[in-house]
Structures are given as structure tokens and as C-alpha cells.
Amino acid sequence: MTDPLQSNKPLAVAIMGPTASGKTALALAIARQIPSEIISVDSALVYRGMDIGTAKPTPAELAAAPHHLIDIIDPTESYSVAQFCHDALRLVAAIQARGKLPLLVGGTMLYFKGLSDGLDQLPVADPALRARLDADAAQLGSPAMHARLAAVDPATAARLKPNDAQRIQRALEIYELSGQPMSQLLALRPKTELPFDLLSFALEPSDRSVLHQRIAARFDAMLDVESGGGLIAEVQRLRARGDLHLGLPSMRCVGYRQAWEYLDGAYDSAELREKGIAATRQLAKRQLTWLRSMPDRIVIDCLGTDTATLVLQHITQAQQKISAAAS
């Protein structure tokens with residue numbers, strides 16, 4: 001990313017952070033001070049009918065500022081990094097044309113990385129091949145698929161865990177479609193320059209244990225019957241459709257997989273809570289690892305009391321520098 005303080009391109013703001021770090025609240029605080037529209041950068045919020053387990057913004061929050069890329073596809077469908085980048089670039093341009101500040105808000109770091117680093121020149125998914133790989137995985141298991149990947153693309157296999165079924169199968173699919181390892185194709189990826197400057201904030205906790213407490217409290221609220229019937233009721237409704245299963249990206253979202261397995265009788269309610277919180281903590285750990293690899297971010301303590309004030313100061317300074325450079 002280029003430094004927005006040294007450019008006269010129009011400004012967009014990224015608000016990144018792990019789950020439960022307060023990204024939505026911060027975005028709405030900014031929108032109350034600066035005319036803004038929010039672009040969701042979240043691979044789970046795209047799904048319709050998945051509200052509780054994704055911590056989707058409430059109707060009041062959605063009404064407080066225009067939101068985009070929420071409730072745009074059915075849980076049977078998939079949404080790629082390439083689709084996100086295409087949609088985000090289109091939306092940023094439209095929001096800026098309306099004289100507002102685009103706020104890209106979320107925790108799907110792969111989307112942020114795709115936007116800032118450029119799109120991968122990778123083949124699109126092939127339904128027939130994907131179905132065959134799914135069948136192979138069901139029969140052989142994820143470790144065997146990982147071993148298959150290691151034979152053709154050792155570099156990609158080395159960075160993926162043997163149980164990371166979704167990414168292993170995508171890497172195998174890319175190899176079969178292109179005849180080249182995914183790692184090789186990624187190395188050839190052209191660097192793209194964004195038509196706007198992205199001022200990136202990372203909400204990171206000064207005390208990881210406090211974030212863990214927030215995660216536990218939020219998962220408990222999701223399980224509570226008062227929160228719209230609770231996560232279990234939501235997953236029961238999704239299961240009742242008859243066309244969803246754990247092989248879909250939507251049902252592999254944190255919380256949904258655990259609730260589905262609970263309804264299958266895999267464990268009791270106490271184990272559901274334990275596994276759901278543990279999976280969410282692991283997600284937050286991965287998100288923070290991604291953030292540490294992004295050198296251009298401005299780190300903001302998500303546990304601080306003046307988070308919005310600090311971020312607004314940075315945004316105002318960036319806008320002033322851009323205005324000065326343009327005049």
C-alpha cells in the first residue's frame with residue numbers, strides 16, 4: 001500500500017481486526033462524524049439467513065449508515081476473493097463519487113490482502129472437478145489429500161495444515177486445471193496499484209485475555225435464546241432446508257460447524273460452548289497473525305477508551321494532506 005499522506009488519490013479507510021475487537025462500533029462512530037458508507041470485508045456476512053452466528057450488524061446498526069456486501073448470496077453459493085475485489089473496487093468508486101468516505105470493515109484478511117496486493121491469476125472453480133475432489137476427500141480423508149498436494153506443490157502443502165481441507169482441495173483443483181502449482185502461479189502475480197489510497201487501521205488487543213473474555217461473552221450471547229432464538233435455532237432452520245451440508249463454505253464458518261455437529265449428537269451443550277469458543281479464539285489468533293504481516297497498518301488498541309478519537313484524528317490528517325497535495 002502507498003502512504004495516503006504522500007498522495008493526492010481519493011481516500012478509503014480499512015478497519016481490520018480479529019473477531020470481537022469492536023470493528024462495527026468503530027465504523028459507526030466514524031460514520032457519525034464523517035459522511036461514510038461501510039463495505040463489509042467478511043466472508044461470513046455475505047450469506048443470507050446466517051445472522052446470529054456471524055454477529056451480523058443489527059437492523060439499527062445497518063440503518064445508521066449504508067452497508068454493502070451483506071446478505072448478497074445464498075448459503076449454497078460461494079464467494080471468492082476475486083469477486084470481493086471486483087465488488088469492492090466498484091463500490092469504493094461509487095461511494096467516492098457520492099462524496100462519501102468508503103470504510104472497508106471486517107476480519108477476512110485474505111480479502112484485504114487480495115485488494116492491496118492484487119488479484120491472483122488463478123483458474124476459476126470447476127464444479128465437476130470440485131465434486132470429484134470432494135468425493136476423494138470424503139473417501140480418503142484430509143491428510144491423504146494433503147499428501148497428494150505435497151507431491152505436486154510442496155511449497156503450498158508446507159504452509160497448509162493437513163486438516164485444512166478447503167484450501168488443500170482448492171490448491172489441488174488449481175494444479176489440475178492449470179498444470180502448474182499454485183505457489184508458482186502466485187509468485188507470478190502482478191502487483192496492482194489501487195485507484196485510491198487505503199489508510200489501514202488494525203484493532204489489536206493490548207491484553208489478549210480480555211479479547212478472549214469478549215469472545216466467550218459473545219458466543220454465550222449467540223447461544224442465548226433471547227438473541228433471536230439463538231444459534232442452535234438458527235442452524236436448525238438452516239438444516240431444515242435440506243440443501244445444506246458441512247462440505248459447504250457457509251456451514252464451515254466458525255460456530256455453524258460446531259452447532260451442526262452438536263445437532264448431529266457429536267457432543268453435549270457444554271462441549272458445544274467449549275468447542276465454539278475455542279474455534280473462535282483460534283480464528284482470532286489467525287487474524288492477528290495476518291495483521292502482523294501487514295506493515296502499513298496503524299495499530300490501535302481495541303481495548304482503549306479513545307479508539308474512535310484516535311482513528312478520526314488520523315483520517316482528518318490524511319484528508320488534509322490529500323487536499324493540500326491536490327491544490
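User: What should I know about the model before I start?

Analyst: It is a predicted model, where local features need pLDDT of at least 70 and side-chain atom pairs count only at pLDDT 80 or more, while totals for chains, interfaces and linings use all residues. Residues are numbered from 1 along each chain as its sequence is written, and side-chain values use heavy atoms, leaving out hydrogens and water.

User: How do I read the sheet, and what is its strand order?

Analyst: Strands (E, at least two residues) and helices (H or I, at least four) are DSSP runs numbered from the N terminus, and two strands pair if DSSP finds at least two bridges between them. Here, 6 strands form an open sheet with parallel pairing, in the order β3-β2-β4-β1-β5-β6. Its edge strands, β3 (67–68) and β6 (298–301), each pair on one side only. Strand β1 (residues 11–16) runs parallel to β4 (residues 101–106), joined by 4 bridges; V13 has L103 as its bridge partner in β4.

User: Which strands does helix α4 lie across?

Analyst: Contact means heavy atoms within 4.5 Å; axes are lines fitted to C-alpha atoms, for helices over the stretch in contact, with angles from 0 to 180 degrees between N-to-C directions. Helix α4 (residues 109–117) lies across β1 and β4, at about 155° to β1.

User: Is S21 buried or exposed?

Analyst: Buried means under 20% relative accessible area, exposed over 50%, and partly exposed in between (1.4 Å probe, protein chains only). S21 counts as buried because its relative accessibility is 2%. S21 sits in the loop between β1 and α1 and, leaving aside neighbours within four places in sequence, contacts L203, L211, R214 and C302. An unreviewed UniProt entry places a "binding site" feature at residues including S21, K23 and T24; UniProt positions follow the numbering used here, feature names are shortened, and annotations may be inferred rather than shown by experiment.

User: Which residues of α5 are buried?

Analyst: In α5, these are L129, L133, D136 and A137. They line one face of the helix, because down its axis they fall within an arc of 100°, taken from the directions from the helix axis to the C-beta atoms. The face turned away from the buried side carries the exposed residues P127, A128, A138 and Q139. Among the elements covering the buried residues of α5 are α6 (142–152) and α8 (165–178).

User: What follows α5?

Analyst: G141 does, with a positive phi near 95°.
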